[in-house]
Structures are given as structure tokens and as C-alpha cells.
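Subject: Structure handover and notes

Dear colleague,

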Amino acid sequence: MKAHKRLITMILAVFAVYILMSIFLNNKVQAVDYRTTDLSILEGNKYKGMLALIKELQTAHPNWNFTIENRGLEWNDVLYAETFANHARSLTQNTSPEWLCPVCGTTPYDSSSGWYGASQQAVSYYLDPRNWLNSKNIFSFEALSYSSESHNIEGVNAILKGTFMDRASIDYINTEGNTLTIQKSYAQIIMEAAIESNVSPYHLASRLVQEQGSGKSALISGTYSNGDNNFTGYYNYFNIGASGNGDTTIITNGLTYARSNRWTSPEASIKGGASFIASGYISKEQDTLYFEKFDLTPPNIGSHQYMQNISAHISEGLNVYKAYNNIGVLEQNFNFIIPVYENMPETISARPTTEYNLVTENVVLTNVNSYANMRSGKATWYSILAEVPLGTVLLRIETAKSIQNGYYWDKVIYFKDNQAIMGYVARNYLLAVPDVITTDEAYYTSETAVLRNGPGVDAEVKRILDAEVLLTVIDKMTYAVDNMFWYRVKLDDGTEGYISSGFLRAIEQQAPTGEVYKIEGNNVIVVPGTKLEQIEGATTTSEVLGTGAKIVIDETEYTVVMLGDVNGDGVVKSKDYMLIKNYIMRITEFTEIEKMAADVNRDGEIKSKDYMIIKNHIMSISSINL
């Protein structure tokens, strides 16, 4: 009987193990199912712009790897979870009306914090991953596990530089009130914590700077007491459990958590906090800064997040970028995990308010004796990036809306020695000049493409363009930025910007077929692509056989009208298409010869049908015929 019971117990135990293993394996399968390195899932317009943005980054940084996470979550559901479902989940310190929750208004999250419920527009801006797919902000999506190849103590020191943690040893108060010294630097402790917990030391260092940048918090003083609560010798460097209404409650809760975990020194607190982050977040697939801010784990979306500050994942990611940049490891093998949502906005979510306007225009440096300083920020105390000589033509990509430090600071790009230096120059020294136009060629986008206000993946996005958008390349100078060549383009509505040449396709003119010319009065009407030798007995002294050219046939002079070639350069391009469109809109006027060239269907009127015929001709959809 006992043997029978033991057998039943063993069977039940095996069955239980089988059930647990099934659950474990199913969870693993699910994790694989919603994370993939196959970028083809981004094709089409479902996640508009995402694929083009990632392709740009892959070209700029070939060693970077991208994983897409798609849990099938609806965009509006996640946005609701981060705002109206719980007004404390996403907080901002910006008190402009556009940034504030319309329900909470200027009522602070707690009585002394200076943090307010964020609006849906503000949360949407930080939630939309497309806003952050550039070389600097991408690190909010970096996988946060420790990597011996990518992480080292020099990078940690770069993050801590200039903070209270930039020191060789650490003095602290123990629980008996005595002052002791740890003969280690904060950077050493952070590296040890990273290795022990398998968490990125740059993530830990950035989080500490974010949480304790000033070093004045009572949570790390080691001397805080509150009535009957004596917290001498306890430390909470990551502010874990530090929540509530008002400073007293927040500090008391945070130090109570530290006491319950025996965090009796800065080292114990940092290592204990690292272990908490590893077990409480990273092991639960909240393994990027973005996922620590925006919890996408079902079923309770948004309920398990590390940070309430809507911009914390971006500011911490920038700290990591700076650390990598300072030690020269930006081209290491990094893995970034990018989320996508169902029914994302058609256009990239805009910032609620901006302090500048996006532009793409040329300016010349003036009003200086010999040079002006280009600075890294919008004030004279920022570091000097370059000395720009008088008379230099710059590309202006932002115009400031307000005065700072006595000036309007505009963002410009200075092309020097085949490098694009991006920084700020006071507007007093800038004078707008005409566009630099080195070419006039019709192209169309070969796939979804990103139109930026300047060359390079760190220039801002002006628009996401669909495939097959007709445009004009106006400058093909060699702007080799981020391992790509960037062309300056103009859209048919006059918008200018830069597109990586890899996303553009030159337009081949179709060779004319059938009848290519016809004499009408004093004019010879020809189709695009016609050569002089195809016109029997014709001679010319004109350099180009295009609209307005003079040719002689049997000693009689004729004026050439090439259908579609309004500007007379002998080729039908997007510029002709734009000229006709402007004529129809009464923006420009035509001569009689230009009118004949614009009337491509030859019905005696210039209408939208004419420029559509030209557009189709340029894109090789159909030909212009007599």
C-alpha cells in the first residue's frame, strides 16, 4: 500500500514537472514569437517609416543589430494605459498646457514634487519609437545585459564624470553613526555589480546619475531620521520603493525598503539595487530603458514600470551614448530591441511644443571680423565645436523661436574637410542666401524614405515619404555622412530636405517610338528624347534640342517645341511637372512657346491632365506622343 502511494506520488510529481516544463517552454516559444530579427515584417505602410529609419542606422553602423518586438498591442490601448488609466504613470515637469493632462492640469503628482500628469500628446511623443531611431537616442532601446566586449570601467567613469560619484574612494556613515571609508571608486563598485547581476554597467551608472545626480538626497545621506524612524546607516541609491505623497513619505518608504534589505553602505545599496533591477525588470523582458518606462507585458500594460518621468529613458540613453562615444566603442556589436504597435499613427508623433522651426536653407556667415564660434548648445558657455570663417556658406536646419543668453541660436551644419559639423551659431551672424543648386534631376523614392532637414541620421525627420514619390534632386554634392551619400531634394510642394541616395532611383526617359516630330507653321513639335538626326534635313546652332531651340530645314528656320519640356533644357523632368502645376495655380506665367510645350495632350488648354501625363512619362508609366 505504501509502495502504491509512493508510485502515485512519483507519477504526480512527474506530471507536475511536465506541466511546469510545458508552461516554461510555452513561455519561451511565445517570447520567440513576438521578438524577431526579420525586418521584413516592417515592409509596407503598416509601421510607416520604421523600416527606412532602421535601414539608415544599419548603413551608418553596420555592426548594430536590431530585434523587433511585436506583441500585437494596439497603439491606443498602450497610450490609454500610460495616461488616463493611471494619471501617475507618466509625469512631466513641463507646465505648458500642451504637456499637461487635461484632467490633472497644474495639480502636482504630490504636494512637493513639481511633477505633473502628462498629456496624451506628450506621452505619444515619447512612446512613438520612430522619434528616437537615430544614432544618439537609439540607446534607450539597447539590450541591458552585461557585455564584456562593449562595457568597461572607462565608459562608467565617462558617465560619472563631473558628478558626486566621480571619486576614488567613498566615505559613508554606518548604522552606529561612525564614518567609514570604502577603498573603491563608484565606478569599480558599479562594474562589480554589473558583472554579478549581468546588467549593463552603463545602464546602472546612467540610472544612478538620473536618480542621484546632485548627491543631496536624504535617501543616500546615511543620516536621515524621522520621529521614531532612525535610518542612520541605510542607503537607497536607486530610489527603489521610494514612492508616496510628499517628501517625508517618499524618503521613509525608500529607506524602509533599504533597511529591510540590509543596504547599510553605498556598495550594498548599489549591488542590491542592481540585483533588484536584474530580477525585477531585465529578467522579465523589460530589458531596455524604453521597456522600463513603458511596460508592455500583458495582461496589465503599464503597471510594472521603473520610472514615471516620460523622458527618463531618453535622457538615460543619451548618457550611455556619451559614454560609448567618449571611449570610442560606438561601432561595437550592439543589440537594440524596437517595439511596434498595431495601428500606429500614420505620421510620427509630434512634440507638443517646440522651441524651434525645422528648415533646410543656406546662410552665409557675416557681421564678424574673421570668424564666429559654432557651439554645442544655445549659449556662449557651451563648448566651441568649430571656428567658422567669415563668408562661409552654412546649411541652416533649425531656427530658434526665442532668445537665450541674449541671442537667437540657430542650428547649422558646417561642411569642413568632408565632414559635417552640426552646432549652433547666433542668428546675428547669419544671412539667408539662395539655394545651392548643382543639378536638376528627376528621381523617385525606390521605397519608403526619410526626408530629413539635413544630411545624416541625426538630422530631424521632416516627413516620411512613400515609395514612388516624384521629386527633384537639386544638389548632389558629396555629403558623405554616416556612411551614406545624401542628396538635397525638393518635393512638388516646394519642401526641401535631404534623403540618403540609397533610397532614390534615377528616372530613365523612355526612348520615343513612332512619329517623333511634326511641322506646324513656324514650329517643329517634337516628343521627348528626339535627336536632331531624326528630323530630316535639320541643322541647328543651338547647344540643346529643346523647347525654344532654333533649327533650319530646307533653309527655313523653325522654333522647337518639345512636349513636356517647359524650361527648354531638352529633357522632361520633375521641374517641368512643377512648373506646369505652378502655372495652373497661377503662381507663374508662361510664354507662348512654353504654353505649347506644357499642353502635352494638345487640346488647347493647360490643365492637371497635362502635368499628370508628364509625371507618368517621368516615371516610365507611359510616354508622351504626338
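Predicted model: local features only at pLDDT ≥ 70, side-chain atom pairs only at ≥ 80, totals over all residues.

Residues are numbered from 1 along each chain as its sequence is written, and side-chain values use heavy atoms, with hydrogens and water left out.

The sheet around that pair

Strands E2 and E9 run parallel and are joined by five bridges; strands here (E, at least two residues) and helices (H or I, at least four) are DSSP runs numbered from the N terminus, and two strands pair if DSSP finds at least two bridges between them. Together with E1 they form an open sheet of three strands in the order E1-E2-E9, with mixed pairing. Because E1 (35-36) and E9 (335-339) stand at the edges with a single partner strand each, one side of each is left without a neighbour in the sheet. E1 pairs with E2 (residues 65-69) in the antiparallel sense over two bridges, and Arg35 has Glu69 in E2 as its bridge partner. As for E9, four of its five residues are buried, where buried means under 20% relative accessible area, exposed over 50%, and partly exposed in between (1.4 Å probe, protein chains only).

The nonpolar cores

Which residues have the most contacts inside the largest nonpolar core? They are Ile138, Phe139 and Ile338, in a core of 115 residues; such a core is a set of buried Ala, Val, Leu, Ile, Met, Phe, Trp, Tyr and Cys residues joined through side-chain atoms within 4.5 Å.

The salt bridges

The structure holds 32 salt bridges, each being a side-chain nitrogen of Lys or Arg within 4 Å of a carboxyl oxygen of Asp or Glu. One of them joins Lys293 to Glu82, with the closest N and O atoms 3.3 Å apart. Since Lys293 lies in helix H10 (residues 289-293) and Glu82 in the loop between helix H3 (75-81) and strand E3 (91-92), the pair ties together parts that are 211 residues apart in sequence, and both residues are buried.

Glu361 and Arg396 also meet in a salt bridge, at 2.8 Å from N to O. Glu361 belongs to strand E10 (residues 356-365) and Arg396 to strand E13 (residues 393-400), so this pair ties together parts that are 35 residues apart in sequence. Glu361 counts as partly exposed at 25% relative accessibility, whereas Arg396 counts as buried at 8%.

With kind regards
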